[in-house]
Amino acid sequence: MRQLTSFFILGGVAGLLWMGCAPSPPGPHQQTLASPQNQEIQGEEVAVLTHAPEVPPPIKRNHATKVIVKLEVREEVSRLADGVDYTFWTFGGKVPGCFIRVRQGDLIEFHLANHPSSKMPHNIDLHAVTGAGGGAASSFTAPGHESKFSFRALNRGLYVYHCATAPVGMHIGNGMYGLILVEPPEGLPKVDREFYVMQGDFYTKGPNGQPGLQPFSMVKALEEKPDYVVFNGSVGSLVGDKALQAKKGETIRLFVGNGGPNLVSSFHVIGEIFDTVYPEGGDVVNHNVQTTLVPAGGSAITEFKVEVPGTFILVDHSIFRAFNKGALGMIKVAGDEEKGIYSGKQDDTIYRPEGGAPQEMPDEGAVAPAARTKADRLKQGEDVFKQVCTACHQANAEGVPNVFPPLAKSDYLNADPNRAVDAIFNGLQGEITVNGNKYNQVMPKLGLSDEQTAAVVTYVINNYGNKGGDLTVEQVKGRRK
């Protein structure tokens, strides 16, 4: 893998004052190139902008040009999680903002339009800009107006951009961030697939999972206690049919950003090792990396080859953020198995030390909004199932052979749905038979509320080929007693 040279990240933000590092001396292969600010500008083009997880194509030209970037600010109500909406402030209509790809030495003519429906003025601070405020002062734009400014892309690297209108944290916290890549003149090493993934933390008035349109909470933001930590603007944005797709043997490059506004990301892909990492989007190259830190307002480029098929999970390895707050995605890799690299399970035998007992998952702070009708319970139950049950019983409810019993077409549950209630409340230990197969594992107490229990059991028995039915909260309460 070729090492990128002189690949420096610019400095941090202090209020609206932002300062960058001077470019390092050119490497041996760059001796014939003029310095970025002295390269001749030839022609012009309109930038190709893409929404995450897509990335614009690599730059093929061998000269600097004038690149016209047109980006519109919109304040949009959209999905944050199932049943939860949020008023996002966006660059380009979605979170994160559009990916911008230019070449070192390019002259960027930037147009920032603020849609007339916006309620707030906005601007843009691009960490790729060498100049006061990163463009913020030049781009302050009222609703229904458009601003224009230009800058020369002096430093190669992967840079964050964000809104810097006061209160800056609130604008960033509402989703106003994205990435701009300044490619080196020689380009990046060729890979088969490139994807755009950006993390952000969100602070809502209601707790995690509370349905409806949730407003921003300045109190939680100041305390740095987010209700959601997500990739690409919402819980589940990169899972299921939205998962990233690849084929065995391909090389993948992830352009990873972190909009913050507060949390540092411990970015990790479960089941893969990064062959190459450019920490903080700069020229320092690291190899064989398991987890890389991405600071708030920072980035990283990760590259790896997928040698075996399967579903590989993207997470912030501050792990409760992944499995409880939403910082989780997937790469689905198609292809034939490679048993010489990864065998899969080869054996499964019973191991039961003395004194084993079911564990218990505490229910502190569990939130379960009222589900008064069966339809309400079905919707709430789907949310609980995705958050709590899929890790063991799988998204299709078919379980894991010889380990976790299926909930789909389950004769065990169809015979008596209260068995599911009892298992949720008390845990389950000992041998059971489901669809003719024996299972002898330990299920912990889940610590769900009566509302959540009624909802998830009702959801399961009405889906996945089960016979249907309805459990009310009153029935569940009676079972707990």
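Modeller: Start with pairing: two strands pair if DSSP finds at least two bridges between them. The strands themselves are DSSP runs (E, at least two residues), as are helices (H or I, at least four), and both are numbered from the N terminus. This is a predicted model, in which local features need pLDDT of at least 70 and side-chain atom pairs count only at pLDDT 80 or more, while totals for chains, interfaces and linings use all residues. Residues are numbered from 1 along each chain as its sequence is written, and side-chain values use heavy atoms, with hydrogens and water left out.

Biologist: How many helices and strands does the protein chain have?

Modeller: Eight helices and 27 strands.

Biologist: Take a sheet. What is the order of the six strands in the open sheet?

Modeller: The order is β14-β12-β16-β21-β18-β19, with mixed pairing. An edge strand pairs on one side only; here these are β14 (228-231) and β19 (286-289). Strand β18 (residues 274-279) runs antiparallel to β19, joined by three bridges. Within that pair, F274 stands opposite V289 in β19.

Biologist: Now helices. At what angle do α4 and α7 pack?

Modeller: First, how it is read. Axes are lines fitted to C-alpha atoms, for helices over the stretch in contact, and angles run from 0 to 180 degrees between N-to-C directions. Under 35 degrees counts as roughly parallel, over 145 as roughly antiparallel, 65 to 115 as roughly perpendicular, and the rest as oblique. Helix α4 (residues 374-393) and α7 pack at about 95°, with axes 7 Å apart. The two helices are therefore roughly perpendicular to each other.

Biologist: Which residues of α4 meet α7?

Modeller: Contact means heavy atoms within 4.5 Å. On the α4 side the residues include R377, L378, V384 and F385. On the α7 side they include A455, V456 and Y459. By class, the contact has nine nonpolar, four polar and four charged residues. Ala, Val, Leu, Ile, Met, Phe, Trp, Tyr, Cys and Pro count as nonpolar, Asp, Glu, Lys and Arg as charged, and the others, Gly among them, as polar.

Biologist: Which residues of α6 are buried?

Modeller: Buried means under 20% relative accessible area, exposed over 50%, and partly exposed in between (1.4 Å probe, protein chains only). An α-helix has 3.6 residues a turn, so residues three or four places apart point the same way. In α6 (residues 418-426), the buried ones are A420, V421, A423, I424 and F425. Their packing partners include α5 (411-415), α7 (450-461) and α8 (473-480). After α6 comes G427, with a positive phi near 80°.

Biologist: Which phi does K409 have?

Modeller: A positive one of about 50°, although K409 is not a glycine. K409 sits in the loop between α4 and α5. At 63% relative accessibility, K409 counts as exposed. N435 also has a positive phi, near 55°. N435 is in the loop between β25 (432-434) and β26 (437-439), and is partly exposed at 34%.

Biologist: Where is the cis peptide bond with P96?

Modeller: That bond joins V95 and P96, with omega about 0°. P96 belongs to the loop between β5 (84-91) and β6 (100-103). The bond from G260 to P261 is cis too, with omega near 20°.
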